[in-house]
Amino acid sequence: MRKKFIYFLLNEAGIGLILAALCIGFSIFVPNFASLHNVTNIFTQISINTVIAVGMTFVILLGGIDLSVGSVLSLCTIVAGLFMTKEGVPLPVAISGAIVLSLLAGMVCGLFNGWVSETWKIHAFVVTLGMLNIARGVALQVSGSRTIFSFPKAFNEVGTLTFGGVPLIFIVAVTLVLIGQFVLNKTVFGRLIYAIGNNEEAVRLSGHNTKRYKVSAYVICGAMVGIAAILYMLRLNIASPILGVGFELSAIAAVVIGGTSMAGGKGSLIGTFIGAGIMGVLNNGLLLIGLSDFIRQIVTGGIIVVAVVLDTYRVKFSHMLLK
Amino acid sequence: MRKLLSVVLAVSLLILLPCAAGAAEKPVVGLVMKSLANEFFKTMEEGARKYAAEDGTFELIPVGMNSETDIDTQINAMENFIAKKVDLIVLAPADSVGLVPSVKKAVDAGIPVVNFDVTLDKKALVDNGLPENFLFVGPDNTLGSELVGDFMAEKLGKGAKVIIIEGNPGADNAKQRKEGFMKTVEKYELDLLASNTAHWETEEANTLMTNLLTKHPDVQGVMCANDSMALGVVKAIEAAGMLGKIEVVGFDNIGACQQLIKEGKMLATVDQFGPEMAANAIKVGFRILGGEKLDGWEKTPVKVVSAADLK
């Protein structure tokens with residue numbers, strides 16, 4: 001019985017234990033860390049990375065990767081920003097149009113990534129590296145490399161909405177995590193994502209069109225980036241062709257810290273969400289302690305490696321328990 | 001590799017095309033720019049083109065790069081300019097050490113080089129057999145940030161509590177701007193609560209400022225090393241409901257920040273006249289071609305921009 005409980009704790013709570021430990025540690029040693037105000041801030045700060053990481057989880061579960069998310073996010077903000085600031089467009093049309101365009105831009109980039117890499121059997125690393133440059137170039141070209149601002153006041157105000165201390169953009173992020181987790185666990189599509197990540201050939205031989213599922217995962221990733229772009233604009237009220245540099249690395253880090261295997265087939269969105277939480281909590285807590293920029297960078301990097309190493313022991317240990 | 005190849009092709013095309021077209025005897029000026037992805041350099045390049053078109057006495061060949069760190073493109077451009085025997089090279093180096101050997105080659109080939117925007121490294125210059133006080137045309141970043149810092153300190157009064165948001169650690173202009181802010185801090189005996197980097201980025205500056213506000217809710221002023229970060233800082237202050245209690249100054253004078261200054265959400269920024277900077281460097285270059293011997297630092301203007309200037 002006790003064995004079973006420990007097994008459950010290790011397997012299901014997993015990396016969440018590390019997040020809990022960090023939160024408890026910071027709450028004890030850092031004044032203000034556990035204040036409602038600070039928790040609200042952390043929620044806001046991890047929302048965008050969480051949403052991108054949800055999409056990233058889908059492609060990593062397949063054994064793929066998407067390096068283009070930062071550039072595509074920037075492109076989505078430009079497309080949406082240009083539309084929203086167009087003269088003479090009625091407000092509701094401007095805002096809803098911007099959201100739709102951002103989603104579409106993201107999905108088109110995702111479709112390109114998935115379709116090209118699947119049709120010619122090129123590793124997604126290369127194709128999405130290409131897309132990283134293409135999307136950035138298009139964003140710069142279309143915007144004339146200028147920052148777009150002066151969005152409608154109503155739009156900017158929505159960005160600061162909170163419900164009992166919980167920011168709207170965080171609610172969007174959590175909702176997407178839950179929907180995504182449901183899709184992965186409870187739908188045929190989701191189970192096939194895991195199956196393809198484990199053994200693509202077996203899935204293909206059992207009569208499934210694996211290409212279609214794989215391309216869909218990249219389109220989902222693109223859609224998530226499109227949503228993240230809107231959240232970015234809500235939070236900072238700008239659209240810029242130079243934003244989002246390095247976002248792919250934060251998203252991949254969240255996914256991997258969350259226990260998803262880079263080889264595919266294993267992982268969960270709850271894990272990804274916790275991974276994004278760990279990064280946000282570290283960034284916030286270490287600053288509040290008063291560490292300098294460089295020490296903070298070293299400690300963050302160290303904790304990421306330690307967390308993932310500990311996770312391998314967790315998996316080994318829980319397998320031992322099962323025997 | 002393919003990227004490199006395409007860049008080399010593009011650069012050689014850029015250089016060969018006007019060469020084939022323009023048979024006139026006008027002097028040729030090669031302009032080596034930094035990343036045109038950056039709004040600041042983009043307007044600078046446009047300014048240089050405009051100057052060349054208005055002046056009409058010389059032919060301008062501008063070359064940009066793909067990213068801030070793409071120094072191969074700059075080195076290739078320098079070599080192409082030398083091979084083409086242009087009359088003058090005007091260079092904004094992406095790497096203050098890496099470009100020095102190319103400068104030496106050009107000087108040896110008898111082509112005057114004007115260094116602008118970022119200074120070439122003194123030690124690298126000497127190592128390559130060039131004078132230590134090699135001509136540099138550019139703004140005084142330290143003075144600019146000191147001026148805008150002082151402008152804020154005048155408003156806040158002596159001993160005010162302030163925060164500095166730094167640029168990329170290691171970048172020369174980031175160091176100089178922090179130095180300028182530090183002069184303000186000393187002069188006005190300000191209480192420096194924190195000085196952190198947000199790597200020039202809006203989102204990172206927003207996260208950083210939000211967290212700093214938790215730690216130091218009593219802060220009165222924030223000095224940002226560029227305007228992109230000021231955007232994120234102002235948004236953080238706004239989200240915390242502390243607009244009007246905290247003054248923010250930036251650097252670069254971008255459109256989005258002019259808007260914030262007009263709305264009273266930001267106090268001031270620094271204009272270093274980017275559009276004219278490359279054009280100024282070209283003008284200085286023509287003084288050399290006219291026989292003048294120039295070295296040391298030809299300073300270009302910096303100016304504090306506040307609501308009074310943006311009517």
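Predicted model: local features only at pLDDT ≥ 70, side-chain atom pairs only at ≥ 80, totals over all residues.
## About the model

Residues are numbered from 1 along each chain as its sequence is written, and chains are lettered from A, with ligands numbered from 1, in the order in which they are written.

Let us begin with A:Ser27, which sits in helix 2 (residues 16–29) of chain A; helices (H or I, at least four residues) and strands (E, at least two) are DSSP runs, numbered from the N terminus. A:Ser27 counts as partly exposed because its relative accessibility is 35%; buried means under 20% relative accessible area, exposed over 50%, and partly exposed in between (1.4 Å probe, protein chains only). The side chain of A:Ser27 reaches the backbone oxygen of A:Cys23 at 2.6 Å. Leaving aside residues up to four places away in sequence, A:Ser27 touches A:Phe33 and A:Ala34, where contact means heavy atoms within 4.5 Å. A:Val72 is 45 residues from A:Ser27 along the chain, and their C-alpha atoms are separated by 37 Å.

A:Asn41 belongs to helix 3 (residues 36–61) of chain A. With a relative accessible area of 10%, A:Asn41 is buried. Not counting residues up to four places away in sequence, A:Asn41 touches B:Thr210 and B:Thr214.

## Aromatic pairs

Rings of Phe, Tyr and Trp (its six-membered ring) pair if their centres lie within 6.5 Å; planes under 30 degrees apart count as stacked, over 60 as edge-to-face and the rest as tilted. By this rule there are ten aromatic pairs over all chains. One of them joins A:Phe26 and A:Phe33, a tilted pair with 5.3 Å centre to centre and 40° between the planes. Both A:Phe26 and A:Phe33 are buried.

In chain B, the rings of B:Phe58 and B:Phe286 have centres 5.2 Å apart and planes at 50°, so this pair is tilted too. The pair links distant parts of the chain, 228 residues apart: B:Phe58 is in the loop between helix 2 (39–55) and strand 2 (59–65) of chain B, and B:Phe286 is in helix 11 (residues 274–289) of chain B. B:Phe58 is buried, at 4% relative accessible area, whereas B:Phe286 is partly exposed at 24%. Back in chain A, an aromatic cluster is formed by A:Phe43, A:Phe170 and A:Phe273.

## Charges over rings

A charge sits over a ring if NZ of Lys or CZ of Arg is within 6 Å of the ring centre and within 35 degrees of the ring normal. B:Arg177 lies over the face of B:Phe251, at 3.8 Å from the ring centre. B:Lys299 takes up such a place over B:Trp297, at 4.5 Å from the ring centre.

## The six-stranded sheet of chain B

Chain B has an open sheet of six strands in the order 2-1-3-4-5-11, with parallel pairing; two strands pair if DSSP finds at least two bridges between them. Strand 2 and strand 11 (297–300) are the edge strands, each pairing on one side only. From one strand to the next, the twist averages 20°. Helix 2 of chain B packs on the sheet, touching strand 1 (28–35), strand 2 and strand 4 (113–116), and its direction makes about 165° with that of strand 1. Axes here are lines fitted to C-alpha atoms, for helices over the stretch in contact, and angles run from 0 to 180 degrees between N-to-C directions.

Within the sheet, four bridges join strand 1 to strand 3 of chain B, with B:Val32 and B:Leu91 as bridge partners. Three bridges connect strand 3 to strand 4 of chain B, and B:Ile89 stands opposite B:Val113. Strand 3 (residues 88–91) of chain B points B:Leu88 and B:Val90 one way and B:Ile89 and B:Leu91 the other, and all are buried.

## Strands 6 and 7 of chain B

Strand 6 (residues 161–166) of chain B is largely enclosed by the rest of the structure, because five of its six residues are buried. Six bridges join strand 6 to strand 7 (residues 191–197) of chain B, and the two run parallel. In this pairing, B:Ile163 stands opposite B:Ala194.

Technical notes: Heavy atoms only, no water. Polar contact = N/O pair within 3.5 Å; in protein donor to acceptor, adjacent residues only side chain to side chain.
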